[in-house]
Amino acid sequence: MPKYLLAHDLGTSGNKATLFTTDGTLIRSCVSGYGTHYYNGNWAEQNPEDWWKAVCSSTKELIQTIDPSEIAAIAFSGQMMGCLCVDENGRPLYDSIIWADMRAQDAEKHIAEKIGAKEFFRTTGHRPGASYSLAKYLWLREHEPDVYKKTYKILQAKDYMVYKLTGRFLTDYNDATGTNAFDINAFDWSDRILDAVGVPREVFPEAVESTRIVGEVTGLAAGECGLKKGTPVVMGAGDGGCGALGAGCVKNNMTYCCMGTSAWIAHVSDHVILDDKMQLVNWAHAVPGLISTNGTMQCAGTSYTWMRENLCAAEELLARQNGESIYPYINAAINAAKPGCNGLFYMPYLCGERCPRWDASAKGGFYGLKMENTRNDMIRSVVEGIAYNMRVILDIMRNYAAIPEMSIMGGLVKSKTNLTILSDVMNIRLNTLNYDDEATSVGAAVLAGVGSGYLKDFSEVNKFSWTVDSVLPNDAYREIYDTMVKRFDETYYAMKDVYGKL
């Protein structure tokens, strides 16, 4: 009887392959990396054949100690909002323009001119943007007309892997939401949007549920990747959808937070949440019938890294002298400063900002700096500033749903110090999970299990992922943090017109 679920997570820097048993036990995982071609200031591309090579090599490494016939199913998580154009034979016509690529700003303006902002937001759950697949495809129409004319389908990273394994061109609702061409209300491609910009809907693959068995591993693919011919392939979802699923958010009114390089809060519900200022975005969840409403900040872990590299030379020296990690020394510096940092706060807008600002010109900075402030205040203020921005996002969500607690994951919350500050500032119970870095892999594995029938339903995610600890907010800091969040928000609006001049 098959007893393994194979999950692949196609990230920006590499593919992570993970093998679970059908009862939720992690057997092992491995990573096979690949490169990204960054150039022309804001262009970012990847060779899709590098994805396939990574999937093949990581699969072979992972299954070398098991019988491949014992794999019940395989499913994928993957980077979203890309644009990979292929011909009728599945041959890439151009390197994949990945999510981080922002060259298509003229196309973004073109979309916005064709369809009013409110109508577009109500249809897609998103604002039009250069980072989405549709704008990238319009850029190709303008600058690479031969690629545009020869395009048979536009695929996401995981979709191309599904094609390589099964020979079928498909996507799922979750990844489709990241194209800017999908009607999140009808769960279908938007003829209104595509007609307005002159793109035929046929270039987008059929969108299906993330749990759909979409085919079996072909003999050709089996020979390349080491899997057994006939192994069921489940569609899978984008990394955002798999992350929510892996965090255990599988039913209405559940919320989780991811604190990585960027950071986001995602609230799961049975309906689209269209906030009046269009600050939040909506995705079809990997769980059929559910919606994940998100607010994402741009520079969370990035701000922490900037702080570590530029403010923590003393901590780095001590760590090096003692042969230890720098992070306990940074935590000591943070804990040496008082909550609120004596009126000092940091704006984490090093690369502009997404939610709630949607302001590419926004700049970072320290505000309220006085002679009595110390370096420890500055270090702590960076973590608090990240938390203030997350609090603003959470407060927007609280206008639409009661959110008494959240699961939380990501590199920033490996530190109990950071976790405590986040709980205090956001005034919420935060629940840490047994896996810090495996949520997307868990999500893909659960999709493989539910899709193949080896898991009865999504409630069995609890076999894979569960709460191991909780942090409650300290009421003693409530007044100071409420005041600081207010000052933080006021300062952004006071500086808004100045940022573009900087």
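Predicted model: local features only at pLDDT ≥ 70, side-chain atom pairs only at ≥ 80, totals over all residues.
I call a residue buried under 20% relative accessible area, exposed over 50%, and partly exposed in between, with a 1.4 Å probe and protein chains only.

Residues are numbered from 1 along each chain as its sequence is written, and side-chain values use heavy atoms, with hydrogens and water left out.

**Whole chain**

I looked up the secondary structure and got 17 helices and 24 strands; these are DSSP runs numbered from the N terminus, helices being H or I with at least four residues and strands E with at least two. The radius of gyration is 23 Å, close to the 23 Å from the globule rule for 502 residues, so the chain is as compact as a globular protein of that length. That radius is taken over C-alpha atoms, and the rule is 2.2 Å times the number of residues to the power 0.38. The C-alpha trace spans about 70 × 55 × 45 Å along its principal axes.

Next I checked contacts, meaning heavy atoms within 4.5 Å. Of those with a separation of 6 or more, 72% are between residues 24 or more positions apart.

**Helix H1**

I went to residues 48–62, where H1 has 15 residues and reaches 21 Å from first C-alpha to last, close to the 21 Å expected at 1.5 Å a residue. The expected span is 1.5 Å times one less than the number of residues. What caps the N-terminal end of H1? I found Asn47 there, with a side-chain oxygen 2.9 Å from the backbone nitrogen of Glu49. Buried positions in H1 include Trp51, Trp52, Val55, Cys56 and Leu62.

**Strands**

I then followed an open sheet of 3 strands, ordered S4-S5-S8 with antiparallel pairing. S4 (37–39) and S8 (96–97) are at the edges with a single partner strand each, so one side of each has no neighbour in the sheet. Pairing here needs at least two DSSP bridges between the strands. S5 (residues 43–46) is joined to S8 by 2 bridges, and Glu45 stands opposite Ile97.

In S18 (residues 281–284), Val281 and Trp283 point one way, Asn282 and Ala284 the other, and all are buried. S18 pairs with S19 (residues 291–297) in the antiparallel sense over 4 bridges, and Asn282 has Thr293 as its bridge partner. The hairpin has 6 residues between the strands, and Gly289 takes a positive phi near 90°.

**Two residues**

Lys16 sits in strand S2 (residues 14–21). Is Lys16 buried or exposed? I get 17% relative accessibility, so Lys16 counts as buried. Its side chain makes a polar contact of 3.0 Å with that of Glu438. I count a polar contact as a pair of N or O atoms within 3.5 Å; within protein, one must be able to donate a hydrogen and the other to accept it, and residues adjacent in sequence count only if both atoms are side-chain atoms. Beyond four places in sequence, contacts of Lys16 include His8, Asp9, Asp437 and Ser441.

Leu245 is in helix H10 (residues 239–246), and at 0% relative accessibility Leu245 counts as buried. Not counting residues up to four places away, Leu245 touches, among others, Val250, His285, Leu447 and Phe458. I also checked Arg141, 104 residues away along the chain: its C-alpha is 36 Å from that of Leu245.
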